[in-house]
Amino acid sequence: MQIQYKPRRSWLGTIFQTEILQGMGLTLRRLFSRPITRQYPDERPQIRPGFRGQHALVRDPATGDCKCIGCMRCAMVCPSRCIRIRSHKDKEPGSRRVIDCYRIEALRCVYCGYCEEVCPVNAIVLTEVYEYSRYERPSLYFTREQLLANWDRFVAQMDKPVKEYVNPFWRPRGQAERNLTGPKRLPVPPEWSGEQQVVGRKWRQHLPPEQS
Amino acid sequence: MTRPITKSMDIPVADGEGERYSLRMGPQHPATHGVLRVDLELDGETIVECTPQVGYLHRGFEKLAENKTYAQALILTDRLDYIAAMANNVGYCVAVERLLDISVPLRAKYIRTIVAEMSRICSHLLWLATHALDIGAMTVFLYCFREREILLDLFEELCGARLTFSYPRIGGVRQDVTARFIDGLQRFLDIFPSKIEEYETLIDTNRIWLKRTVGIGKVSGEEALALGLTGACLRGSGVDYDVRKHQPYDAYALVDFEVPLGSDGDIYARYRCRMEELHQSARIIQQCIDQLPPGPIAGPDAPDLVMPNKVPARIEAGTNVYGTGLIKLVRDRNLYISGDVYVATEVPKGELGFYFISDGNNRPYRMHIRSPSFIHIGALAAIARGELIADLIANIGSLDVVLGESDR
């Protein structure tokens, strides 16, 4: 497609510089419209669910400790290798792994969210907290206790009960149920599970009336 | 316009007469869009020789990728062209899919096309904003950021990030779209054409803008091909080449769009091409929203992060790849034992190519990135030669370079 880009200008426009006046008129009109700037510290941006912010380990209400089972999947899938886990197994048969040390270097993290996605028990989460810059590096090497405290802080500022909180990366929207481990099959809105998928206008017309 | 240069300024003088002198522009110069240094040899105000120096933002992505699995290396592509990260992600995924012979469901293809075009609009808006700011039109800058903000909010709604998305996945996309996302996008598309009109009202026929752009930085079609220009820089010279049209990937073959072509090859022609591409991108997104089919978002043979069974677990996590699981996987999935593939996609800046060499491992043996910005910076020397130093700023802006992509 050949585009038309020769600027056409009439002799009237050349003399009276109408194009400048048009531009000025536009900016003048904008003077009376509502400002769109968000005055940040006073005006908080609206954070969407699934925002990838500060790291936290979910506190299990049953035990009061983290849910991690020491499967090492997050540590292996991490592209920046910022997760470090040490664990041991108790002597008795059938006992679960005990986590000795769980560390995340927040300064190396690239916030891709892969760890949340591979975690089979939804133990790790990137919360919606985004203001946690510090002046010194060591305070951003999160230990297990700090990560649990991060979760507590996040829960305290949440406006709904903890049980209803589902991170979109714990159960990716549209992911088939058979691909997920047991704890990841959380109850989600029908739109997330793929039952009521958003489809285009042309498809809605062809679907049977009870589905559309 | 010659003046004596004192020794203390530490600027090397090329000629004893003071007629010709060298000047280093950048890397801190605000109009070089990042950290580009241009070594100039000037005769008065005319550029005699222009040598762009890149590498200030080198992070070694090609080497880093050799130590990461295919899924892990995806996050590196976010940081190539950070203005249009989604288009890079899509390009990477398309390349790996062709290498590993993975099929993508139709719904995922449509979603990818939507997000790639959204990032094209984002990139073109930022280009227009900064290019106009360089030339001196401050108002357009603010107006463009207003619309870009809507798109960034939509991206956040979709995948939780505003710049580094890592949203497409090899064999599909990570998450399904929500009704809120589609509604927001539809609202954006409804208002967007009127916003493009606003930008055009401000600068399209503005005589200062025309003085700075028309007839400057001229590249003929043959010259553009010889310099390796792609994208709007090539199409502004009248060469009809668009990867989306000529080697369609994802859902581009299923939607209807035009490739805008200029003829003069000057800065104004490139500007008009990109403005027309904004219209075309909006048109593609509208068609994709209308045609969005139901179905899964990731293929059954996609190397999932959410692991359905043990074999993908091995290939994803990057444990011992020579284990027995991989041999079967290689056979089943036609993973190339020693193969290579070059796949080009059309990102906002031009043609982004990924060249992979695979030795059958779960990580690339070699990943080469053919980034358009790097080649465009190389062309800057030929374009700016013989022009005024003030037009160099306009030339850099119109080539639309991002140093993150050029230096990799």
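The model is predicted, so that local features need pLDDT of at least 70 and side-chain atom pairs count only at pLDDT 80 or more, while totals for chains, interfaces and linings use all residues. Residues are numbered from 1 along each chain as its sequence is written, and chains are lettered from A and ligands numbered from 1 in the order in which they are written.

Between the two chains, 46 residues of chain A are in contact with 53 residues of chain B, where contact requires C-beta atoms, placed from the backbone, to lie within 7 Å. On the chain A side, at least two residues each come from helix H2 (18–30), helix H3 (73–77), helix H4 (114–118) and helix H7 (201–206), and H2(A) supplies the largest share, 6 residues. Helices (H or I, at least four residues) and strands (E, at least two) are DSSP runs, numbered from the N terminus.

Within chain A, strand S3 (residues 97–105) pairs with strand S2 (residues 83–89) and also with strand S5 (residues 141–142), pairing being assigned if DSSP finds at least two bridges between two strands.

| Strand pair | Sense | Bridges | One bridge |
|---|---|---|---|
| S2(A) and S3(A) | antiparallel | 7 bridges | Arg86(A) with Cys101(A) |
| S3(A) and S5(A) | antiparallel | 2 bridges | Ile104(A) with Phe142(A) |

Chain B contains 16 helices and 8 strands. Of its 408 residues, 53% count as buried, that is, with 20 or more other C-beta atoms, placed from the backbone, within 10 Å of their own. Among the contacts in chain B with a separation of 6 or more, 68% join residues 24 or more positions apart.

Key: A residue is buried if 20 or more other C-beta atoms lie within 10 Å of its own, exposed if 12 or fewer, and partly exposed in between; C-beta atoms are placed from the backbone.
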